Amino acid sequence: MSRRYVVIGAGGVGAGLAAGFAEAGIPVLLVSRGRTFEAIRERGLVYRQAGVTRTLGVNVAGAPEQVALRPGDILVVATKSQDVPATLAAWAWRPVQGGGVAADLPIVLTHNGLVAERVALRYFSTVIGAVALVAARHVVSGEVEILNQPKIGQLIVGAYPSAALAPHAAVLAHEIAQDLSRANWLSQAVDEIQRWLAWKAVVSASFSVSVFDGTPQEQQTLREHLQAEARQALTAAGYGFADPAKETTYDTSLARIGQDGTTAVHRPSTWQSFERGAGSEVDYLNGEIVLLARLHGTGAPVNAAVQRVLGASASLGERPGAHTVAEVLALAGVQTGA
């Protein structure tokens, strides 16, 4: 059975995956929408890494209805977290050639937060979670710049909810990690992907910091509060945490940022979404921490303040810098030394 990766979402992670697979000769189809789909269809995927710009002729589709799914396909969802529920509902019951539906196929989810994999299990029996670590700029439709080099980035994959509970998915996760290694990614398969997702949830709780105006010291204060609340809420909810420094099996220096001597400034995905006016994932990052804190009685006032300020900001179409760190800390009742 021929394996093909159907990558849904052409942002930094999705484009990086499609580019890596395509250049490794691994069959791939990239699915995007709107202006990004039109741009890739008309001129190809503009892909920059290590100072080199390439235009890749990646196969692209603009909607689930345009994709003829095959029995050997693996779906890879690389949309924003807030788009996961609608994306899964749109794909799950699409027909597969020869019989069956998309929900019979394996699915890989590359999102920040803790929601995507659980939602996917409502539809798909073979679910693989993934933690993506890649510094990518995606501000112009159809153009992506990868700041890591020489490898594209890191992708830790694992059967969800665990290898023990989903042994078939665990075997497939190892095969996917091998394909990713061929596709110029650093990758490994792990048995307990939820520990890695929880670790990334702590990290991604602070992605919003870059959207606020403030001094480096103010931003660091906000970052520390957000991550401390996240760790407390996740611990109360029963999550453990991976330790990448001890548990990664590859050389992470192979995906450093800006090794060619250039000055590479990476903005987190939350900043890029606000810059593009593409909506906000804050409800699924900081909002997830707020949810767990409310369920388990730990409290997360700073995460709640960030969610409130940026939720309203996104609804108004505001750009990064429209609000300050001081405003958020004051709303959360945090006393500062000023």
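Start by colouring the two domains: the domain assignment, automatic or from a database, gives domain 1 as 4-191 and domain 2 as 202-239 + 263-332. Residues are numbered from 1 along each chain as its sequence is written. You are looking at a predicted model, where local features need pLDDT of at least 70, side-chain atom pairs count only at pLDDT 80 or more, and totals for chains, interfaces and linings use all residues, while side-chain values use heavy atoms, without hydrogens and water.

Now select the contact (heavy atoms within 4.5 Å): 15 residues come from domain 1 and 21 residues from domain 2.

Show the surface there. About 1,500 Å² is buried between the domains, with 56% from carbon and sulfur atoms; this is the accessible area (1.4 Å probe) that the two parts lose on being put together, summed over both. On the domain 1 side, pick Lys 80, Gln 82 and Leu 114, which lose the most area to domain 2 and together make up 35% of what that side buries.

Now move to Gln 188, in strand E13 (residues 186-189); strands are DSSP runs of E, at least two residues, numbered from the N terminus. Gln 188 counts as buried because its relative accessibility is 8%, and buried means under 20% relative accessible area with a 1.4 Å probe, protein chains only.

Finally, draw two distances from the Gln 188 side chain: 2.8 Å to the backbone nitrogen of Thr 249, and 3.2 Å from one of its polar atoms to the backbone oxygen of Glu 247.

Notes:
Helix = DSSP H or I, 4+ residues; strand = E, 2+ residues; numbered from the N terminus. Buried < 20%, exposed > 50% of the residue type's maximum accessible area, 1.4 Å probe, protein only. Polar contact = N/O pair within 3.5 Å; in protein donor to acceptor, adjacent residues only side chain to side chain.
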